[in-house]
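Work through the exercises below with the sequence and coordinates at hand. Each task is followed by a solution in steps.

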Amino acid sequence: MKVSYSWLKEFVKFEVTPRQLASDLTNLGVVVETVSAFGQDSILDLDLTTNRPDCLSHLGVAREIATRYQLFLELPLTSLRESSARTDSDITVRIESPKLCSRYCARVIRGVKVAPSPDWIVQRLESLGIRSINNIVDATNYVLLELGHPLHAFDLARIHGKAIIIREANAGEKLFTIDGIERELRAGMLVIADQNSALALAGVMGGLESEIDSLTRDILLESAWFEPISVRTTSKSLMLHTEASHRFERGADIDSTIPSIDRAAALIQQLAGGEILNGVIDAHRTPVQRSEILLRGSRITQVMGAEIEASFVERVLSALNFKIIATGKQTWRVQPPASRLDVAKEIDLIEEIARHYGYDQFPSTLPLWKGASERRTEKIFERALKQSLVSLGYSETITYSFVDAAENGRFSSLEPVLLKNPLSTETEVMRTSLVPGLLASFVRNYNHGIKSIRLYELGRLYSSKAASAPREDNFLGIIASGNIQEKTVHSESRSCSFFDLKGDIEILLESLGLPVEKLGCQAKGQNTKIPNYYHPTVSAELRMGEYCLGILGQMHPKVCEQYKIRQPVFLAEIPIETWIRLHTMEKIYAEFPRFPAVHRDLSIIVDEDLDYEAIESTVLQAKIKEVRRLFPFDLYTGENLPSHRKSISFSIVYQAMDRTLVDEEINRYHEQILALLQKQMGAQLRT
């Protein structure tokens with residue numbers, strides 16, 4: 001948007017230089033990119049944000065200047081000489097799409113003389129990048145730049161049936177626009193039509209058939225308000241961006257329709273003569289009043305950090321055309337103008353006050369603070385988890401939450417959240433599993449020759465619920481493959497295995513204060529929910545009592561084959577919320593034992609389908625406080641054992657805190673444990 005320095009001075013009698021004006025406007029948020037000379041004038045090129053259509057005119061910018069310098073804002077004078085003949089005797093207006101056109105105003109001017117515009121208006125338009133056409137069109141463009149409201153002039157003789165109809169286009173309907181191009185319209189596009197056909201694209205461009213030319217004698221002048229999204233959709237669909245569409249699609253001022261049409265009619269009469277018919281046809285829905293906003297002085301102080309005088313607040317808001325409905329003790333009820341659609345809340349009003357107070361004037365003081373910051377439990381937990389994973393040799397990967405629907409479906413049966421406007425077909429749903437992202441990172445490294453890979457990702461999963469909002473869950477995904485130990489002069493290489501990953505998870509549990517001794521692994525069966533992309537016999541569900549702590553296992557060889565991976569890959573999927581639920585921040589410290597520990601081994605024969613976890617649980621049921629820990633060291637099946645039986649050997653560590661244990665005590669404990677194993681699970685002592 002370009003504005004003229006000399007034109008602005010017709011609205012406000014300021015004395016600052018163009019450069020100083022540019023600096024002051026920029027500090028107000030009306031950013032001036034460049035200042036350039038044009039003859040005796042200076043042109044300011046503004047870089048406006050889309051929420052400030054009110055500044056797409058000299059009047060809007062001048063209002064900011066008048067408020068900044070506390071000067072009077074002079075509005076353009078409009079002097080109309082209307083005839084006794086009425087406008088509605090020459091034309092009728094009917095709005096058939098009131099949702100897309102809330103207001104349509106029309107005036108008729110008879111007997112105009114179309115000719116080139118005088119030099120002063122030609123130079124002013126061309127200095128701002130608009131080509132002069134003729135005195136009628138130039139007048140509408142002049143008012144557009146002056147007041148910011150787009151207008152359009154039709155040749156009245158070319159409007160069939162003396163009727164203007166604002167309607168939606170029919171599918172396949174065609175229109176020659178004034179640029180000479182025939183355009184095929186889509187159903188739903190808003191057009192200005194007569195009884196026969198479309199005359200113009202509402203808010204975008206006029207039609208060639210009703211264009212003003214040298215033969216025009218009578219004109220219909222249009223000033224309207226069109227729904228912004230409708231104008232933008234039409235403009236984008238036809239790739240037709242104009243000065244009018246630029247303003248309408250950002251939200252024009254519905255209250256400016258009549259002042260703008262009157263100003264344009266007066267200017268046309270001045271430039272082209274003619275008779276302005278009496279009255280304005282004003283077709284509109286019931287006017288909608290902007291909602292009042294409560295502005296509190298205490299909130300201004302809280303946000304700005306400074307005490308602002310009530311007189312300053314009222315002066316700034318009034319100067320910016322806000323209506324103060326009522327005042328109280330440091331409170332105001334304020335109604336925004338129709339031109340400021342960006343102001344809808346109290347914080348928006350405070351921003352207006354802050355802009356004109358000056359951001360550089362805010363005091364450099366810190367607000368009072370009571371209390372202390374505290375990290376959330378889950379963040380502390382995740383940080384500790386990441387530190388432990390890094391110490392175990394894993395690298396973090398961060399992948400997109402948007403994934404391909406087919407790829408996501410291979411690793412999850414949950415209903416995904418669909419995106420309404422995906423960037424591509426490969427990012428059309430929110431992920432319900434971390435595996436696709438982990439696999440993508442793994443394959444990228446694998447294809448670049450990196451065969452030993454250990455990665456993890458902490459991220460959210462999103463699943464859709466028909467009757468409620470989508471569900472979000474925090475998960476940890478781990479993937480490992482290749483060598484756990486590379487070959488050196490002193491040792492052979494060793495490949496990663498199921499037990500290496502299980503051991504890493506146990507270390508994670510231990511580092512977070514979770515009871516590792518209560519961790520159990522349940523193989524795939526009726527009571528587990530292990531997905532099919534895991535190896536059926538090299539996978540398990542991690543459990544701690546009634547809680548599932550995740551799934552661990554080798555990726556199915558067929559899945560590896562599909563991704564052209566020629567080595568075993570191990571995965572783990574862990575629900576973070578469950579770990580947090582079991583986690584305690586409390587740390588319990590105990591003194592180191594001063595007395596020696598005694599190791600005793602025990603070999604027993606039990607049923608083949610019995611887990612070691614059940615054996616350990618039975619030993620702990622004896623509640624012998626001197627049993628510090630126990631661990632298995634041998635498993636045997638085969639000859640010299642009955643069918644469906646196996647031998648498990650484990651070591652029990654006995655230790656007391658207050659004395660040295662003697663053989664008689666240890667023998668008694670050992671016999672008590674053996675008796676319990678024999679009674680509860682039919683164990684036999686292996687000799």
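Arg52, Asp54, Glu64, Arg340, Asp342, Glu352 and Arg355 are linked in a network of salt bridges (a side-chain nitrogen of Lys or Arg within 4 Å of a carboxyl oxygen of Asp or Glu). The model is predicted: local features need pLDDT of at least 70, side-chain atom pairs count only at pLDDT 80 or more, and totals for chains, interfaces and linings use all residues. Residues are numbered from 1 along each chain as its sequence is written, and side-chain values use heavy atoms, with hydrogens and water left out.

**Exercise 1.** Locate the salt bridge between Asp54 and Arg340 in the chain.

Step 1. The N to O distance of this pair is 3.7 Å.

Step 2. Asp54 sits in the loop between β3 and α3, and Arg340 in the loop between β19 and α11, so the bridge ties together parts 286 residues apart in sequence. Helices (H or I, at least four residues) and strands (E, at least two) are DSSP runs, numbered from the N terminus.

Step 3. Asp54 and Arg340 are both buried (buried: under 20% relative accessible area; exposed: over 50%; partly exposed: in between; 1.4 Å probe, protein chains only).

**Exercise 2.** Describe the salt bridge between Glu407 and Arg410.

Step 1. The closest N and O atoms are 3.7 Å apart.

Step 2. Both residues belong to helix α13 (residues 405–410), three residues apart, about one turn of the helix.

Step 3. Glu407 is partly exposed, at 22% relative accessible area; Arg410 is partly exposed too, at 40%.
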